[in-house]
Amino acid sequence: MDFRQLELIDPILRALSAEGYTTPTPIQQQAIPVVLEGRDLLGCAQTGTGKTAAFAVPILQILYRQTQRKPGIKALILTPTRELAIQIDESFAAYGRHTGISHAVIFGGVSQQQQTNALRRGVDVLVATPGRLLDLMNQGFVNLAQLEIFVLDEADRMLDMGFIHDVKRVIAKLPAKRQTLFFSATMPPEIQKLSQMLLTNPVKVEVTPPSSTVDKIEQTLYHTNKADKQSLLIHLLKEKNIKTALVFTRTKHGADKVVRFLHRANITAAAIHGNKSQNARQGALNDFKNGRLKVLVATDIAARGIDIDELTHVFNYDLPNVPETYVHRIGRTGRAGNLGTAIAFCDVEERTELRDIEKLIAKRIPVIEDHPYPSVAPAAVAPPPPQRVMPRQHNRSMQRRRY
Ligand code: AMP
């Protein structure tokens, strides 16, 4: 299938082709016709599936086709993090570059001046994080009276990050007559309730859950020592001639330490985490995307939703203690049909985490034995074959088992 079969208009087809997209992803194939028809949508999909274009493309087409576009915000996209908000806004810019549809992005942590200036000029599509949106609504800068389409993105993360009350406050101010598109990677009961409240006779679209999408990513594991992880990272970056790598650490302090060590080895690197200013984080992300930085070191919170095309390598410098986090981390590579490689380091204290991850993904990660920094601890006794378990059982067993 190609995008023409989705009956997209020429200005959008040209933009998609300039982006290098040839085939719509499964969520795009399913969602675009539904949204173009004006139906409500419940999309179960995570970042990396092409879900941004799945809503941005039909929204642009609907607005473009309006012969008399009224002034005012006609589409609102609510998303949990600043990074996601910026990426979604960039997608509207890219896919809508031949449509003349205006868009703006607002998020907290930076001065509001530029954002309020954009709002004053008038925008068709507004991308926002909930806190700043409410703030600017309360100050009278945002008028949603003309709103036609509302997108709630990453609803489950809104809940995780404690934004759900803000989201509900925004929803209370939206016009009742509107089209609503609701996206969530998982459907915990509170999110299910919210979706039922928001959607009218929705079409449900579901794409592959995360644990199976990781199958196409080549995963390897290095048993090593805590004190040798830095040297092992440098060794692998050089030996494998890696062009770009996203390295995950468990703590902000750990991220800064890795960056300092890489600098000493003349490897360009920057860290993004919660202690960095929004500008520093965005600067580092841009430098990484443009190839000015070889390594981006991130904590999980800061890396939420980061989407980098053609990222080839993800390192789990520290293993996460929530096994699902491993799946999310490695899902940053192998995007949109590209090949990806995920490399994990495991010191003796992390073997329990490893066991839990292997249970979740229901396979053993192949171990590379031949490297210069092997673990000095005795090898673990071969555990029984992993079986897929429910996440909750997992967390409980994680606290108990140590070997
Ligand atoms: P998303 O899930 O929206 O964050 O998108 C994940 C990545 O896939 C982004 O880097 C997009 O640029 C890319 N992408 C989205 N749709 C397509 C497509 N149809 N073909 C190729 N790449 C795509």
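Biologist: Which residues is Ile59 in contact with, leaving aside its neighbours within four places in sequence?

Modeller: In this predicted model, Ile59 is listed among the buried residues of helix H3 (51-65). It is also one of the residues with the most contacts inside the largest nonpolar core. Neighbours within four places in sequence being set aside, its contacts are Ala75, Phe92, Ile149, Val151 and Leu181.

Biologist: Which element supplies the largest share of the largest nonpolar core?

Modeller: The largest nonpolar core has 42 residues, and Leu8, Phe55, Ile59, Phe92 and Leu181 have the most contacts inside it. Elements that each supply at least two residues of this core include helix H1 (10-19), helix H2 (26-36), strand S2 (75-78) and strand S6 (179-184). With nine residues, the largest share comes from H3.

Biologist: How many residues does the other core have, the one that lies apart from it?

Modeller: Ile164, Val170, Leu194 and Leu199 are among the members of this other core. Its number of residues is 32.

Biologist: How far apart are the end C-alpha atoms of H3, and what span should its 15 residues have?

Modeller: The expected span is 1.5 Å times one less than the number of residues, so the 15 residues of H3 should span 21 Å. This agrees with the model, in which the distance between the end C-alpha atoms is 22 Å.

Biologist: Which side chain is joined to that of His273 by a polar contact?

Modeller: His273 is placed in the loop between strand S10 (269-272) and helix H13 (278-289). Because its relative accessibility is 1%, His273 counts as buried. A polar contact of 3.0 Å joins its side chain to that of Asp256.

Biologist: How many disulfides does the count come to?

Modeller: Cys44 is buried, with a relative accessible area of 7%, and Cys346 is buried at 1%. A disulfide requires two cysteine sulfur atoms within 2.5 Å. By this rule the count of disulfides is zero.

Note on methods:
Residues numbered from 1 in each chain as written. Predicted model: local features only at pLDDT ≥ 70, side-chain atom pairs only at ≥ 80, totals over all residues. Heavy atoms only, no water. Buried < 20%, exposed > 50% of the residue type's maximum accessible area, 1.4 Å probe, protein only. Helix = DSSP H or I, 4+ residues; strand = E, 2+ residues; numbered from the N terminus. Polar contact = N/O pair within 3.5 Å; in protein donor to acceptor, adjacent residues only side chain to side chain. Core = buried A, V, L, I, M, F, W, Y, C linked by side-chain atoms within 4.5 Å. Contact = heavy atoms within 4.5 Å.
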